[in-house]
Amino acid sequence: MPAEQPSADVRRKAAREVIDILHEIATLLNTHLDRQQLSYCVSLIENGANPEALAKVIQQLREEYPASSMDDDAEDPAGAR
């Protein structure tokens, strides 16, 4: 008899827990990636993207567009700069 597949809710909860753990690690490493960005990265890697190449692309994008990479992580809700 085949094993039962976990329900969609169980899979969703497990995925959320994984992203939460990855976000904690990313925060400790000062990556400035939010949960959604991490989720995109995980999805890309799961679908065959090279993790090192992905990291280089992110670094290059941050060099080309420095203000946009930090706007989402700003601690000042008024956005005063």
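How many helices and how many strands does the chain have? The chain has four helices and zero strands. Along the sequence the pattern reads α-α-α-α. This is a predicted model.

**Confidence and burial**

The mean pLDDT of the chain is 84. A pLDDT of 70 or more is reached by 78% of the residues. Residues 74–81 are another matter: there the pLDDT is below 50. Beyond near neighbours in sequence, that stretch has three contacts in the model. The chain has 81 residues, and 10% of them count as buried.

**Two helix pairs**

Two packed helices are described by the angle between their axes and the distance between the axes. The table gives these values for two pairs, both of which include α2.

| Pair | Residue ranges | Angle | Axis distance |
|---|---|---|---|
| α1 and α2 | α1: residues 8–28; α2: residues 35–46 | about 110° | 10 Å |
| α2 and α3 | α2: residues 35–46; α3: residues 51–64 | roughly 145° | within 10 Å |

**α1 against α2**

Helices α1 and α2 pack at an angle of about 110°. That makes α1 roughly perpendicular to α2, because angles of 65 to 115 degrees count as such. Which residues of α1 meet α2? They are I19, D20, L22, H23 and A26. On the α2 side, the partners are R35, L38, S39 and V42. By class, this contact has five nonpolar, two polar and two charged residues.

**α2 against α3**

The axes of α2 and α3 cross at roughly 145°. Their crossing is right-handed. From α2, the residues C41, L44 and I45 take part in the contact. From α3, they meet P51, L54 and I58.

**A look at Q37**

Q37 lies in α2, the helix of residues 35–46. Is Q37 buried, partly exposed or exposed? Its relative accessibility is 27%, so Q37 counts as partly exposed. The class runs from the 20% limit for buried to the 50% limit for exposed. Q37 can also be placed relative to H23. In sequence, Q37 and H23 are 14 residues apart. In space, they are 9.6 Å apart, C-alpha to C-alpha. H23 is one of the α1 residues that meet α2.

Methods. Residues are numbered from 1 along each chain as its sequence is written. This is a predicted model: local features need pLDDT of at least 70, side-chain atom pairs count only at pLDDT 80 or more; totals for chains, interfaces and linings use all residues. Side-chain values use heavy atoms; hydrogens and water are left out. pLDDT is the predictor's confidence in each residue, from 0 to 100. Contact means heavy atoms within 4.5 Å. Buried means under 20% relative accessible area, exposed over 50%, partly exposed in between (1.4 Å probe, protein chains only). Axes are lines fitted to C-alpha atoms, for helices over the stretch in contact, and angles run from 0 to 180 degrees between N-to-C directions. Angles under 35 degrees count as roughly parallel, over 145 as roughly antiparallel, 65 to 115 as roughly perpendicular and the rest as oblique. Ala, Val, Leu, Ile, Met, Phe, Trp, Tyr, Cys and Pro count as nonpolar, Asp, Glu, Lys and Arg as charged, and the others, Gly among them, as polar. A crossing is left-handed if the near helix is turned anticlockwise from the far one by less than a right angle, and right-handed if clockwise.
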